[in-house]
Amino acid sequence: MNEITMMMNADELIINALKEDISSEDVTTNAVMRDYRKGQVDLICKQDGILAGIEVFKRVFMLLDPETEFEIDVIDGEPVANGQKLGTITGDIRVLLSGERTALNYLQRMSGIATYTNSIVKLLEGSKTKLLDTRKTTPNMRIFEKYAVKAGGGCNHRYNLSDGILLKDNHIGAAGSVTNAVKMAKEYAPFVRKIEIETENLDMVREAVDAGADIIMLDNMTHDTMREAIAIIDGRAETECSGNVTKENIAALIDLGVDYISSGALTHSAPILDLSLKNLHAI
């Protein structure tokens, strides 16, 4: 998920977010600012972290008024510090007030994900293991949240159900077995698609290898079981471990040498990065 792809699909989602916040009018702003007046406000960082979502932040105001101007001193993926002034926004004071919360909601959420992701990526430095996100995203926020993972140094797993084959426990149950699930996926899917399958025990791992799965996920296994599973796979498939992976426990997985570690926590449990718009004044 790169910035161009995100922004190509962002407008409709941002407009819906604005409609959620302004169903008919911003009655507070309209009460104190009846007519156009040009103003300026500072974007201030209140925590150390990694920035993500600055173009989305800007787009909120641009959709309200294309004449809004920005002087932003940082880009996505860069570190920011508590107390740092990140830039200024200039335009119609009514727009600055009405767009403030929606713009900050995006920027804080995305920067929080980037910051949390980056903290885990640093723990994996020196290993071959890549950190992946999951589909455990906020509805209508996936495109922004997965972009934020990339900005923080992580990698994206499949974007949605159309993007890749991942045979999970219920798919296996529906197919009747690991072997049947992989066989049917190979028959149905284009040959360019990799087939990943979720396994929960060593018998499933052996069956997945024999069936020719391309990627084998080791789901909620103990450390010793995963080590044995990797030995069974022996390079015949890529490996991914998953299941309640967080910043607190990921260090214990590094020595396994899996190709990928996926973590839903990147998007469902990352706290926001505290940012604010301050010092609004007319110019």
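## Cysteines

No disulfides turn up in a search of the whole structure, which is a predicted model. For Cys155, the closest cysteine sulfur belongs to Cys241 and lies 14 Å away, so the pair is too far apart for a bond; the cut-off for a disulfide is 2.5 Å between sulfur atoms.

Cys45, at 1% relative accessibility, counts as buried.

## Nonpolar core

The largest nonpolar core holds 81 residues. Those touching the most other members are Leu43, Phe57, Phe144, Ile197, Ile216 and Leu218. Among the contributors to this core, helix H5, which spans residues 93-123, gives the most, with eleven residues. In soluble globular proteins, nonpolar side chains tend to be buried together.

## Asp219

Strand S9, residues 215-219, contains Asp219. Asp219 is buried but forms no salt bridge. The nearest side chain of opposite charge is that of Lys168, at 6.0 Å, whereas a salt bridge requires a distance within 4 Å.

The side chain of Asp219 does make a polar contact of 3.4 Å with the side chain of Asn220. Not counting residues up to four places away in sequence, Asp219 touches Glu198, Thr199 and Glu200, together with Ser242 and Gly243.

Key: Residues numbered from 1 in each chain as written. Predicted model: local features only at pLDDT ≥ 70, side-chain atom pairs only at ≥ 80, totals over all residues. Heavy atoms only, no water. Core = buried A, V, L, I, M, F, W, Y, C linked by side-chain atoms within 4.5 Å. Buried < 20%, exposed > 50% of the residue type's maximum accessible area, 1.4 Å probe, protein only. Helix = DSSP H or I, 4+ residues; strand = E, 2+ residues; numbered from the N terminus. Lys, Arg positive; Asp, Glu negative; His and termini not counted. Polar contact = N/O pair within 3.5 Å; in protein donor to acceptor, adjacent residues only side chain to side chain. Contact = heavy atoms within 4.5 Å.
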